[in-house]
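Here are my notes on this structure, as numbered points. Please read them with the model open beside you.

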Amino acid sequence: MTKYMLIMRADERGVAAYGEMDFTEVIAAMGRYNESMMKAGVLLAGEGLSDASEGFVVDFSGETPLVTDGPYGEIKELFNGFWIIEVGSKAEAAEWASRAPLGPGAFLEVRRVTDASDFPADNEWVQKEEGWREEQAQRAAQA
């Protein structure tokens, strides 16, 4: 099984259309979509994000990091939410992404989430992270 992140984006047309939608129906459509992924056992996580004006960027271009309040970037560069799914293939990830209740001007960028197998197994930090993940899973199981 492979994890994929579905990154929700929109252009100006999508943002305008969203502003005209009935928010109750938007929530209901997203709820039905999330429920279908949960019932299929593929949804690992998913969250919406606040408006970019509430965010900030940390720029590492200079000698010291520079924090700049949002909004930042062009609308098409921002993302509005995400899902992380675990499926058997890239094609299955594309199938789930295609079912998202999004309209014209909206799109999903789908990216594979890396795992330990993408990095050298003998690397000290890769080994430590694997241990941290195991510890976290044990704590979660005990809670």
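1. Surface. The protein chain has an accessible surface of about 10300 Å², and carbon and sulfur atoms account for 54% of that surface. Keep in mind throughout that this is a predicted model. Of the 143 residues in the protein chain, 20% are buried.

2. Overall dimensions. The radius of gyration of the protein chain is 18 Å, whereas a compact globule of 143 residues would have one near 15 Å. Along the principal axes, the C-alpha atoms fill a box of roughly 50 × 50 × 35 Å.

3. Charges. How many positive and negative side chains does the protein chain have? There are 13 positive and 26 negative ones, and the centres of these two sets are 6 Å apart.

4. Elements. The protein chain contains four helices and six strands. Read from the N terminus, their order is β-α-α-β-β-β-β-α-β-α.

5. Helix 3, buried side. Helix 3 spans residues 90-98, and its buried residues are Ala 93, Trp 96 and Ala 97. These residues lie on the same side of helix 3, because they cover an arc of only 100° around the axis. The general rule behind such a pattern is that an α-helix has 3.6 residues a turn, so residues three or four places apart point the same way.

6. Helix 3, cover and opposite face. Which elements cover the buried residues of helix 3? The cover includes strand 1 (2-10), helix 2 (23-40), strand 5 (81-87) and strand 6 (106-112). On the face turned away from the buried side, helix 3 carries the exposed residues Ala 91 and Ser 98.

7. Ile 85. This residue belongs to strand 5. Is Ile 85 buried or exposed? Its relative accessibility is 0%, so Ile 85 counts as buried. Leaving out residues up to four places away in sequence, Ile 85 touches Thr 2, Lys 3, Tyr 4, Leu 6, Met 37, Val 42, Leu 43, Leu 44, Ala 93 and Trp 96. Two of the residues named there, Ala 93 and Trp 96, are buried residues of helix 3.

8. Leu 108. Strand 6 holds Leu 108. With neighbours within four places in sequence set aside, Leu 108 is in contact with Leu 6, Ile 7, Met 8, Trp 83, Ala 97, Ala 100 and Leu 102. Among these, Ala 97 is a buried residue of helix 3. Leu 108 and Met 1 are 107 residues apart in sequence, and their C-alpha atoms are 21 Å apart in space.

9. Ala 29. Helix 2 is where Ala 29 is found. Why does Ala 29 count as buried? Its relative accessibility is 16%, and buried means under 20%. Ala 29 and Glu 130 are 101 residues apart in sequence and, C-alpha to C-alpha, 36 Å apart in space.

Note on methods: Residues are numbered from 1 along each chain as its sequence is written. This is a predicted model: local features need pLDDT of at least 70, side-chain atom pairs count only at pLDDT 80 or more; totals for chains, interfaces and linings use all residues. Side-chain values use heavy atoms; hydrogens and water are left out. The radius of gyration is taken over C-alpha atoms; the globule rule is 2.2 Å times the number of residues to the power 0.38. Buried means under 20% relative accessible area, exposed over 50%, partly exposed in between (1.4 Å probe, protein chains only). Accessible areas come from the Shrake-Rupley method with a 1.4 Å probe; for residues, only the protein chains shown count as cover. Lys and Arg count as positive and Asp and Glu as negative; His and the chain ends are not counted. The place of a charge is taken as NZ of Lys, CZ of Arg, CG of Asp or CD of Glu. The arc is that of the directions from the helix axis to the C-beta atoms. Contact means heavy atoms within 4.5 Å.
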